[in-house]
Amino acid sequence: MAITQGRLMMLSTKMIFLLRSLLLIFLYTFLWNFAGLFEIGNLVSAFYPAAGVIVFFVYRFGPIYILPSAIAVMVGASFVDPFWQWGAIQISMAIRQLFFYSILGLVLKKTSKFSLPLNRLSSVTILIGSLSVTSFLSALTATFLISTFVGIDTDQELNIIMSFWIGDLGGILLFLAALSLFLDFYFKNYDYNDVFQKGLVYPILLLVIISSATTLLFVATGLTTELGNFGYLILLPVAWASSFYGIRFALFSAICVNTTAIWHYIYLGLSNYPAIELQTLFSVNLVMAMLLGASLEERKTALFDATHDSLTQMLNRKAFFQESTALLERCKRQKRNMAVLMIDIDHFKVVNDNWGHEAGDQVLMQVAECCRQICRSTDIQGRLGGEEFALILDDAGPNQAIAVAERLRLSISSILVPKTDTNITTSIGISHLLTIDDTLNQLLKQADLALYTAKRTGRNKCQSASTLNTEDASLNLKAT
Ligand SMILES: Nc1nc2c(ncn2[C@@H]2O[C@H](COP(=O)(O)OP(=O)(O)OP(=O)(O)O)[C@@H](O)[C@H]2O)c(=O)[nH]1
């Protein structure tokens with residue numbers, strides 16, 4: 001019997017479900033047993049990332065993953081007590097965990113503002129808020145169950161509530177932060193070479209050194225628990241890194257610092273570092289890094305939106321004038337050359353009229369891309385309006401500016417209107433900084449006159465203002 005396309009699709013959907021379920025069970029089991037390293041009492045872990053796996057799979061792939069989550073909970077815990085030997089306490093604890101964290105996954109799924117990777121303040125706030133409430137409710141239920149089945153005194157109850165609550169919060173946040181970085185890297189939203197290019201290697205080293213030194217000082221030297229509060233100093237480098245470098249570096253630094261802290265916890269023991277204190281340090285570090293990092297990201301986005309054209313991502317008119325004026329003053333002070341290019345697409349109206357506004361927008365984006373390819377990082381690029389662009393070339397003499405303009409014209413002439421074989425052409429006007437008294441407006445006006453001449457004398461050409469009969473051009477301009 002021939003296998004139809006539909007059956008193949010169904011088979012592959014089942015296969016994907018199976019593979020994801022296996023991944024879920026593996027991740028959960030690994031993290032559950034990893035958390036076992038931080039056990040501070042029977043059934044109480046100081047740090048619990050495993051529940052984050054349930055939250056993520058239900059959030060990302062839907063309620064169907066509650067079923068493999070239930071299996072994961074059984075398999076994960078079976079390394080300590082095989083599930084067929086579980087008593088009422090283990091069963092009810094497992095159901096409690098499954099219930100609270102799958103509900104959180106479903107709530108996050110329904111909240112359109114939340115998204116992983118974490119790169120928006122609203123997303124981070126929703127995650128931290130909803131996770132705090134869920135882990136608190138889960139901790140209350142766990143304490144109630146332990147007290148019902150095992151029997152504990154009131155002092156212990158408070159301790160268990162706090163340990164469960166902060167342990168789950170820190171653990172799950174750590175898992176989702178690490179996953180967020182992985183997703184970001186996997187989908188290539190961020191070039192991690194930047195870490196090296198921007199000299200972030202030194203802040204990272206500094207973070208690890210400071211966190212190692214602080215934890216070593218208070219754990220290895222056996223200083224008393226009262227002095228252990230100074231361990232909070234490791235929050236400082238994370239706060240600093242998050243405020244300056246945004247969410248990715250914030251997550252990265254918090255993970256680095258917390259891993260260093262945990263390393264000390266595992267190898268040097270918890271004797272001088274009370275569990276709840278370490279948990280709090282851990283969670284505060286992550287919460288602070290996420291909030292500071294995401295709010296920097298939001299401010300950067302808001303500033304970018306206010307200064308850039310949304311279609312072409314080039315500077316808008318206002319920002320272009322601000323940056324160009326500053327560059328002009330620098331060039332005058334340092335006696336450097338400077339050139340202005342005014343670029344206008346030829347017969348752009350025809351593109352819109354014949355092939356629609358969307359095709360026109362695509363062409364504008366491609367022209368902007370050509371400008372980006374040709375400019376140096378110190379040049380300034382702006383979209384002054386409609387199909388008119390301007391470039392300020394830093395340190396470019398008259399011949400260099402003409403060469404750049406010609407290369408740009410050729411590069412743009414290879415752009416095709418989408419889904420057609422019609423080429424785009426441009427006309428470019430060029431002016432140069434000649435005297436100390438030249439203003440930006442004068443230079444733009446000269447480049448505009450040269451552009452006008454290029455249009456008038458046939459289009460698809462570059463025209464320098466220095467080879468222009470200015471009077472002639474002005475007269476013609478008035479005549480139009
Ligand atoms: N698709 C699109 N079109 C735009 C945008 N901004 C302006 N335009 C269009 O750009 C066209 C400009 O037309 P004109 O000023 O007559 O210039 P032209 O047709 O390029 O003619 P010449 O400059 O003389 O070669 C108009 O049709 C505007 O509607 C935009 O953001 N997207």
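Against which strands and helices do the buried residues of helix 13 pack? In the predicted model described here, local features are taken only where pLDDT is at least 70 and side-chain atom pairs count only at pLDDT 80 or more, whereas totals for chains, interfaces and linings use all residues. Residues are numbered from 1 along each chain as its sequence is written. The buried residues of helix 13 pack against strand 3, helix 12, strand 4 (380–385), strand 5 (388–394) and helix 14 (398–413), where two residues are in contact if their C-beta atoms, placed from the backbone, lie within 7 Å. Helices (H or I, at least four residues) and strands (E, at least two) are DSSP runs, numbered from the N terminus.

In the chain as a whole there are 16 helices and seven strands. Of its 480 residues, 39% count as buried; a residue is buried if 20 or more other C-beta atoms lie within 10 Å of its own, exposed if 12 or fewer, and partly exposed in between, with the C-beta atoms placed from the backbone. Among contacts between residues at least 6 apart in sequence, 71% join residues at least 24 apart.

Helix 13 has 18 residues and reaches 26 Å from its first C-alpha to its last, which is close to the 26 Å expected at 1.5 Å a residue, the expected span being 1.5 Å times one less than the number of residues. Its buried residues are Gly360, Val363, Leu364, Val367, Cys370 and Cys371. They cover an arc of only 115 degrees around the axis, which puts them on the same side of helix 13; the arc is that of the directions from the helix axis to the C-beta atoms. On the other side of helix 13, Glu358 and Gln373 are exposed. Ala359, which also lies in helix 13, is partly exposed, with 17 other C-beta atoms within 10 Å. When residues up to four places away in sequence are not counted, Ala359 touches Val351, Val417 and Pro418.

Of the 15 residues around the ligand, Asp346, Phe348, Lys349, Gly360 and Gly386 come nearest, a residue being near a molecule if its C-beta atom, placed from the backbone, lies within 6 Å of it. The shell divides into four nonpolar, five polar and six charged residues; Ala, Val, Leu, Ile, Met, Phe, Trp, Tyr, Cys and Pro count as nonpolar, Asp, Glu, Lys and Arg as charged, and the others, Gly among them, as polar.

Over residues 336–467 the chain is 45% helix and 23% strand, and the end C-alpha atoms are 21 Å apart. The unreviewed entry also carries the annotation "transmembrane region", which covers several spans, including residues 128–152 and 164–187. In the model, residues 128–152 are 88% helix and 0% strand, with end C-alpha atoms 30 Å apart, while residues 164–187 are 96% helix and 0% strand, with end C-alpha atoms 34 Å apart.

At 1.5 Å a residue, the 17 residues of helix 11 (residues 317–333) should span 24 Å, and this agrees with the 24 Å between its end C-alpha atoms. Phe320, Ser324, Leu327 and Leu328 are the buried residues of helix 11. Seen down the axis of helix 11, these buried residues fall within an arc of 110 degrees, so they line one face of the helix. Strand 3, strand 4, strand 5 and helix 15 (440–456) are included in what covers them, whereas Lys318, Ala326, Glu329 and Arg333, on the other side of helix 11, are exposed.

Some backbone angles also deserve mention. Most residues other than glycine have a negative phi, and most peptide bonds are trans. Just after helix 11, Lys335 takes a positive phi of about 50 degrees. Gln313, in the loop between helix 10 (275–307) and helix 11, has a positive phi near 65 degrees. In the loop between strand 5 and helix 14 lies Asp395, whose phi is positive at about 60 degrees. A cis peptide bond, with omega about -5 degrees, joins Leu116 and Pro117, and Pro117 is placed in the loop between helix 4 (88–110) and helix 5 (121–149).

Note on methods: UniProt positions renumbered as here; feature names shortened; annotations may be inferred.
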